[in-house]
Amino acid sequence: MNSSLTCPHASHTCLCTRINRRRLKASCVANTNREQQSSKIAAKVKGITEVSGGKSRHFGLGRNSAEDLPVREQTDASTSKNISDLLKGLILPVGFPDSVTPDYLAYQLWAVPSHITGWMGSSLITSSLLAAVGLKAGAGTAAAGAASIRWITKDGIGALGRLLVSAGRGGTVFDEDPKRWRLIAEGFTTSGRALEIATAVFPQQFVLLAGLGNFTKAVGKGMGNPCFRIIQTHFAKNNNVGDVAAKEQVWEVVAQLIGLSLSIALLNGIDATGDPTNAVWAWAAIQTVHVALRYKSLSVIQLPTLNQKRSCALVNAHLQGQQLPDVKKGNHEEAMLAGPTSSTPSVQFGCSASRVFSGSDATQRLLSLAELYSEERYILVWKGCKGQVLLQTAACPTDSLRALWQAGWLANEGIQDASDNQLLQSLTAMQANIDSFLQATQQAGWDTDRIVIRSNEDRFSVVQGN
């Protein structure tokens, strides 16, 4: 292997004899007349059509295979349709209507006005409660009304935070790694509470601090609630989500009653000191313990789904001939706060062809790889010890797992920038060993039907020639 293709920090673990035999066979195939293969590309793959962000781009070659035709880009001329698609992307789940049950939209259309009237009623109740605890100004209620408006404004700013998180396509990240995002949500919640309790030191900045605090807490809530629902569904082994959710309420109410009782005693102690700022220090200590307990509670959850981090650990174990970790061990060893591309191999899925390929021979290179991956529904490019995967429109989660195994082979071999020959070697090894990998994964207790490897939305399709 050329030393210029070797990653200085890569591991050079040997593969099993079966993979080596496949690799040698692949090398023989790759060393055949490449010019003859290239002459067949134009006949088999005439072009590539990529769909990205509502736009379609076409990559094709002219009569001279060395001459690239300009990329033809098509967009929908209908502004109203673009606005409609934007609104659908903001308020509807990815893949609607196929990704939800038929009654989803009807439920939401009735639920929205019920939420509106519910918040209107809550606002009136807030005003009445503030007036009842002594905010009346003589016979009038001007002070109570002003305080209510400030309080409602604070809640409104918080609602914007929840909208910021929940709208659009960002919610799909929670499915892949709910434990990570639940912990990130806890960080936002802690920051929001810190801003709110700072009002004890800076009461004159109540609206600013309370508003920002409520906004930050709402961002945390917008992240935490979807993650918590995913975790609840995981607990419901017999599809008894309702029963699990009901019992969760019991646990929460018991904890709430105990917490409120201890809070009364703590507040009485703080009042006895005569210094209300002591509440800030008490809160800091309690919140530190709270975050630590939250981390511990999440660390014991054993999700059997295959996200990118857990899949990388399984792929590496399989390539090194080791026993695959079971669900308990895999979850325990997973770096909870690490992102999906922090694992080895580092791979990004759903990449755009126009960003992966550049230069005068970009289209030639793209079509050549499309021919190389003609039996797959993805194209893997390996540069700088990192992988970029283009996915076909018909690609499914298993295709992402296949690409990840192939990337793991390249990383395990210490390859920095993969040539066509090396891509062919890794592809052949993947196709020869993916079935045994999936079987071993299932035997270790993982659910291979629930692969949640997140990707960008760019997709491509192959235009076949004669």
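Pro345 sits in the loop that links helix 12 (327-333) to strand 4. This is a predicted model, and in it the peptide bond running from Thr344 to Pro345 is cis, with omega near 5°. As a rule, most peptide bonds are trans.

To find the pairing on screen, look for Ser346, which stands opposite Lys386 of strand 6.

Strand 6 has another partner to look at: strand 5 (residues 378-383) pairs with strand 6 in the antiparallel sense, over six bridges. Here Tyr378 has Leu391 of strand 6 as its bridge partner. The hairpin made by strand 5 and strand 6 has two residues between the strands, and Gly384 there takes a positive phi near 60°. Cys385 is also in the loop between strand 5 and strand 6, and its phi is positive too, about 65°, although Cys385 is not a glycine.

How buried is helix 14? Nine of its eleven residues are buried, so helix 14 is largely enclosed by the rest of the structure. Among the buried ones are Leu366, Leu367, Leu369 and Leu372, along with Thr363, Ser368 and Glu371.

Helix 14 (residues 362-372) packs with helix 16 (residues 420-443) at an angle of about 25°, and their axes are 11 Å apart. Angles under 35 degrees count as roughly parallel, and the two helices are therefore roughly parallel to each other. The crossing of helix 14 past helix 16 is right-handed. On the helix 14 side, the contact uses Arg365, Ser368, Leu369 and Leu372; on the helix 16 side, Asp420, Leu423, Leu424 and Leu427. By class, that contact comes to five nonpolar residues, one polar and two charged.

## Helices 8 and 9

Helix 8 (residues 206-235) and helix 9 (residues 241-273) pack at an angle of about 115°, with 10 Å between their axes. Helix 8 passes helix 9 in a right-handed crossing. Phe228, Gln232 and Phe235 from helix 8 make the contact with Val244, Ala245, Glu248 and Glu252 from helix 9. Sorted by class, the contact of helix 8 with helix 9 has four nonpolar residues, one polar and two charged.

The loop between these two helices holds Asn239. Its phi is near 60°, a positive value in a residue other than glycine. Is Asn239 buried or exposed? With a relative accessibility of 71%, Asn239 counts as exposed.

## A buried arginine

Arg182 belongs to helix 7 (residues 178-197). Despite its charge class, Arg182 is buried, and its relative accessible area is 15%. Which residues does Arg182 touch, leaving out those up to four places away in sequence? The list is Gly224, Cys227, Arg294 and Leu298.

## The whole chain

Zooming out, the protein chain has 16 helices and seven strands. Buried residues make up 36% of its 466 residues. Of the contacts with a separation of 6 or more, 75% are between residues 24 or more positions apart.

How values were computed: Residues numbered from 1 in each chain as written. Predicted model: local features only at pLDDT ≥ 70, side-chain atom pairs only at ≥ 80, totals over all residues. Heavy atoms only, no water. Axes fitted to C-alpha atoms, helices over the stretch in contact; angles between N-to-C directions. Helix = DSSP H or I, 4+ residues; strand = E, 2+ residues; numbered from the N terminus. Parallel < 35°, antiparallel > 145°, perpendicular 65-115°, else oblique. Left-handed = near helix turned anticlockwise from the far one by under 90°. Contact = heavy atoms within 4.5 Å. Pairing = 2+ DSSP bridges. Buried < 20%, exposed > 50% of the residue type's maximum accessible area, 1.4 Å probe, protein only.
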